[in-house]
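Subject: Handover of a structure and its cavities, pockets and ligand

Dear colleague,

Please find the structure below, followed by an account of what was found in it.

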Amino acid sequence: MSENRGKFNSRIGFILAAAGSAVGLGNIWGFPTQAAGNGGAAFVLMYLILAFCLAYPAFMAELIIGRHGQANAVESLKKISNSALQKKFAFIVGFGGILCAGLLMSFYSIVAGWMVAYTVEPITTTLGATDISTWLKSHSTSRNLLFTFIFCSLTILIISRGVSDGIEKWSKRLMPALVFLLVALTAYVLTLDGAMEGLKAYLVPDMARLFEPALIVDALGQAFFSLSLGTSVIIIYGSYVSKQENLVSLGAYVTLIDVSIAFLAGLLVIPAMYVAAANGVQIFNESGALIDGDQLVLTVLPALFDTMGSVGVFVAFAFFALMSIASLTSSISMLEAPVSYTVERFSISRKKATLLMGALIFATSSLIIFNFDLLFVFVINLTTKYGQPIIGMLCCIFVGWIWSRSSLLEELKQGNEEAENQFFWKIWPWYTKLVCPLAIAIVFINSIL
Ligand code: PHE
């Protein structure tokens, strides 16, 4: 079986694919609004600290489990287990992660579907098809179903082509497009009236808030979601990395790209909100806080684009295309988790497995769409508030407490002969053993209280 597994053909291919998974709605939508609501640069600073000191070590734990296992999450975790009981635990953690990835995709593709609909809308508006434009912006079941279906189909098409022909190839195409759109939009928005005020709100820190528990909880949750932790996705991607690669630097590159793009997205979204305010759009809610969540992306920003006249059509198109691309490179990683497991566990073809899992996830999305008020927020909380931190923490426990230190070092040394003498090896094992599980547990308990 292992000879038939896919693999990333190049270093840059892996970096772009893993960064593609990491960079998503969490960066462009979640990060800027969280920063705005949490003291601007104080949040950014805490996020940087937590991303590098906690999320990166946890990311490394998942990456190295996968590279060592060269198999899906369940098998990779079993490989480092020493007893029958640990193997059962491995199944629960691995399968839990896969389930979490599938459930994540079921709500993520609904939101991504909105992004695709909003990308089409400027075109229909330009063509004068007002009824269609209104429908595209409406929160109707029919619109949600159709665009979730379109988005899931795109994800299925890419994943069915495999690792190097699907994931790697498309990440290499989509990620540069994403960076280009983001930089171009940011440069444009920063020239508009009101942008500088937004820049101040984003970059001038309210240091008094730096150690607020709520800010720390939000920042770590955001870092975990953004680095795709606790979903088995990084384990799977790690399993496609060649033994010649230096994992320590690969992981650092991905974290750096993820954090930089989140930061850049803040330079776009927050100033854009203040430009909207300068153009008469309401950007604060009744309690005086910046409007965030779906209202920000689906109401405030489109209202801003409307005030920009004919340029607004292009800006709206570019902004929502950016969102759609970011979502797609993330959703392919979510679908790969259950697909790789199904292929390896049941020895069926990748095409069949992709169709099967894709259909199952779309069915779950449809269930959510038909019971939106009941299920949408519930599934988001279940996966991001509970699933990801718990499974991420358990992966750290696997590496810190179950995997033998010598075998772990041996794996790390592949592609990095010097690993044993490096700073990373001096502190990372302790981090994953004690600091990460403890910090994640504290933040998790805090967030559910
Ligand atoms: N990291 C992605 C984002 O920021 C979301 C994601 C979570 C992707 C978990 C894969 C797994 O949007």
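This is a predicted model: local features need pLDDT of at least 70, side-chain atom pairs count only at pLDDT 80 or more; totals for chains, interfaces and linings use all residues.

With three residues, helix H12 (247-278) gives the most to the lining of the second largest cavity. Helices here are DSSP runs (H or I, at least four residues), numbered from the N terminus. A cavity is found on a 1 Å grid over the protein atoms alone, as a set of points where a 1.4 Å probe fits but cannot get out, and lining residues have an atom within 4 Å of a point. Helix H8 (163-189), helix H13 (293-307) and helix H14 (310-346) are also among the elements that each supply at least two residues of this lining.

Residues are numbered from 1 along each chain as its sequence is written, and side-chain values use heavy atoms, with hydrogens and water left out.

The second largest cavity holds about 50 Å³ of space; a volume is the space filled by probe spheres set on the grid points, which are joined across faces, edges and corners. Its lining consists of Leu185, Val189, Leu268, Val269, Ala272, Leu301, Phe305, Val315 and Phe319. By class, these are nine nonpolar, no polar and no charged residues. In this scheme Ala, Val, Leu, Ile, Met, Phe, Trp, Tyr, Cys and Pro count as nonpolar, Asp, Glu, Lys and Arg as charged, and the others, Gly among them, as polar.

The whole structure has two cavities of 30 Å³ or more. The largest cavity has a volume of about 140 Å³. It is lined by 18 residues, and Ser21, Phe225, Ser228, Ser330 and Met334 are the closest to its centre. The lining divides into eight nonpolar, 10 polar and no charged residues.

Where does the ligand sit? The ligand is in the largest cavity, by the criterion that more than half of its atoms lie within 2 Å of the grid points. Two or more residues of the shell around the ligand come from each of helix H1 (11-22), helix H2 (25-37), helix H5 (84-126), helix H10 (213-226) and helix H14 (310-346). H1, H2, H5, H10 and H14 likewise each supply at least two residues to the lining of the largest cavity.

There are 16 residues around the ligand (a heavy atom within 4 Å). Of these, Ala22, Gly26, Tyr108, Phe225 and Ser226 come nearest. The shell has six nonpolar, 10 polar and no charged residues.

The pockets come next; a pocket is an open set of points with protein on both sides within 12 Å along at least five of seven lines. The largest pocket has a volume of about 1,100 Å³. Of its 33 lining residues, Gln34, Gln222, Phe225, Ile380 and Thr384 lie nearest its centre. The lining comprises 17 nonpolar, 12 polar and four charged residues.

The second largest pocket holds about 240 Å³ of space. Among its 14 lining residues, Leu99, Gly102, Pro338, Met357 and Leu360 lie nearest its centre. H5 provides the largest share of this lining, six residues. The classes here are 10 nonpolar, four polar and no charged residues.

Yours sincerely
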